Amino acid sequence: MPQMPPLAPAPHTAYGLRTHGDPPVFTISALSCRASRGTAARTLPPQKRLPPALRALPAHSPAAPHAAAKNPRARLARRRAFCYNTLYIYSEGAESMAYSVYLKKGEERRLLAGHSWVYANEAAKIEGDGGNGSLASVYAHDGRFIGKGYINHLSKILVRIFLRGEGEDDGAFYRRKIAEANALREKLVGGDCYRMVYGEEDGLPALIADRYGDCIVLECLSLGVDRRRERIAGYFAELFSPRCVYMRGTAPVRRKEGLPLEDALLCGELPEELIVTENGLKLYVDIRNGQKTGFFLDQKENRLALRRYAAGGRVL
């Protein structure tokens, strides 16, 4: 078996990941898994608990998962044993070739109509060895190019497509999409508190951005977006010069992406008190502890409509 490149520690964990250095190479097929180290090999039972996207990885692919878990029946095979729930995916630090995802016959119709999600059970095969969370190209069963998006083998949503041509996810792309989304919201909503980016609606899947005065709060709801959160925050800082860019990472959907629930100050300084104006009213927003990104911005129009029914009264 060819020599594998060195592995960097994966920044995120999923399925109870435990790593022990110098992990063995695993080759995955739909029916069996073989753990190899030198000339020693052990054939293991079918991996029924693996996500479909991992079962679709070709045998002997460097993209196959790695594991190092205790085998109670053969302690000498500790570094060669596979634990159903223990996965190691290549980080972006290793030398790699971009993923190509080929769909099962007929599964491309929804995507060609504009939908952006590729589900794991729609993949017929996956080629390449790019890092989990890297940019992957998606093709129909007959080889037609559909688009590109960030891949996550640990999620039921295998790829979230956001590039329909041959472009890249570079700074020019992100700046343009963010600026276009914000210009539309300023025109339709205005004020100093509104949702700037609506994820898939604005061609930036899994990315939410809310403006509260001179602060911007992000939600990064996929592995690919979360791994680029500092870079994305930098684009917001360049375009709008906010006091701070803060990430709220407590949405339960992050667990399904293999991400921890955590908040982070990405740039600037978070103010002690933040007051915004909505429909002529002054409102206090708690970015750290408030609901979602600090406030229910999507209910702005409903709160305005409520005035006609609650005039002169007290409401909860």
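## The lining of a cavity

The residues lining the second largest cavity split into five nonpolar, three polar and two charged. Please keep in mind that this is a predicted model. The residues in question are Tyr150, Ile151, Asn152, Ile157, Leu158, Arg160, Ser222, Leu223, Gly224 and Glu257. About 60 Å³ of space lies inside this second largest cavity, and the structure has three cavities of 30 Å³ or more.

Which elements supply at least two residues each to this lining? They are strand S8 (145-151), strand S9 (157-163) and helix H4 (223-227). Strand S9 gives the most to the lining, with three residues.

## A look at Thr293

Let us turn to a single residue. Thr293 sits in the loop that runs between strand S16 (281-284) and helix H7 (300-310). Is Thr293 buried or exposed? Its relative accessibility is 0%, so Thr293 counts as buried; the cut-off for buried is under 20% relative accessible area.

## The partners of Thr293

Which residues does Thr293 touch, leaving aside its neighbours within four places in sequence? Thr293 is in contact with Asp210, Tyr212, Val217, Glu219, Arg248 and Ile287.

Two of these partners come up again in side-chain polar contacts. The side chains of Thr293 and Asp210 are joined by a polar contact of 2.5 Å. With the side chain of Tyr212, the Thr293 side chain makes a polar contact of 2.7 Å.

How values were computed
Residues are numbered from 1 along each chain as its sequence is written. This is a predicted model: local features need pLDDT of at least 70, side-chain atom pairs count only at pLDDT 80 or more; totals for chains, interfaces and linings use all residues. Side-chain values use heavy atoms; hydrogens and water are left out. Helices (H or I, at least four residues) and strands (E, at least two) are DSSP runs, numbered from the N terminus. Buried means under 20% relative accessible area, exposed over 50%, partly exposed in between (1.4 Å probe, protein chains only). A polar contact is a pair of N or O atoms within 3.5 Å; within protein, one must be able to donate a hydrogen and the other to accept it, and residues adjacent in sequence count only if both atoms are side-chain atoms. Contact means heavy atoms within 4.5 Å. On a 1 Å grid over the protein atoms alone, a cavity is a set of points where a 1.4 Å probe fits but cannot get out, and a pocket is an open set with protein on both sides within 12 Å along at least five of seven lines; lining residues have an atom within 4 Å of a point. Grid points are joined across faces, edges and corners, and a volume is the space filled by probe spheres set on the points. Ala, Val, Leu, Ile, Met, Phe, Trp, Tyr, Cys and Pro count as nonpolar, Asp, Glu, Lys and Arg as charged, and the others, Gly among them, as polar.
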